[in-house]
Amino acid sequence: MSTAPEPAPRDPKPALVFDDPLEQQSSDDTDRGWGERADGDSAADLRRFLDEKPPHHL
């Protein structure tokens, strides 16, 4: 008696999520999302400001 081989298991399709995306926190909602550093060193902040300021800001 010949039996048919079992089909290979398939990955389930991802479920549709109907949550409101505006209720979820994004990386922009945190200090880390805006490039803030946690060290809080004022000398490093001044050095970064002087290094990154546009040429028309003297």
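Reader: In this predicted model, is glutamate 52 buried or exposed?

Author: The general idea is that a relative accessible area over 50% places a residue in the exposed class. Glutamate 52 has a relative accessible area of 54%, and therefore counts as exposed.

Reader: With which residue does the side chain of glutamate 52 meet in a salt bridge?

Author: A salt bridge is assigned when a side-chain nitrogen of Lys or Arg is within 4 Å of a carboxyl oxygen of Asp or Glu. Here the partner of glutamate 52 is arginine 48, with an N to O distance of 3.3 Å.

Reader: Where do glutamate 52 and arginine 48 lie?

Author: Both belong to helix H1, with a separation of 4 residues, about one turn of the helix. Arginine 48 has 34% relative accessibility, so this residue is classed as partly exposed.

Reader: Which residues form a nonpolar patch on the surface?

Author: The patch consists of Leu46, Phe49 and Leu50, which together present about 310 Å² of accessible area. Leucine 50 is located in helix H1, which spans residues 42-52. At 46% relative accessibility, leucine 50 is partly exposed, because that class lies between the buried and exposed limits.

Reader: How many helices and strands are there in the protein, and what percentage of its residues count as buried?

Author: The protein contains 1 helix and 0 strands. Of its 58 residues, 2% are counted as buried. The accessible surface amounts to about 6,400 Å², with 55% belonging to carbon and sulfur atoms.

Key: Residues numbered from 1 in each chain as written. Predicted model: local features only at pLDDT ≥ 70, side-chain atom pairs only at ≥ 80, totals over all residues. Heavy atoms only, no water. Patch = residues over 30% accessible without salt bridge, like charges linked within 9 Å, V, L, I, M, F, W, Y side chains within 5 Å. Areas by Shrake-Rupley, 256 points an atom, 1.4 Å probe, with all protein chains shown as cover. Helix = DSSP H or I, 4+ residues; strand = E, 2+ residues; numbered from the N terminus. Buried < 20%, exposed > 50% of the residue type's maximum accessible area, 1.4 Å probe, protein only.
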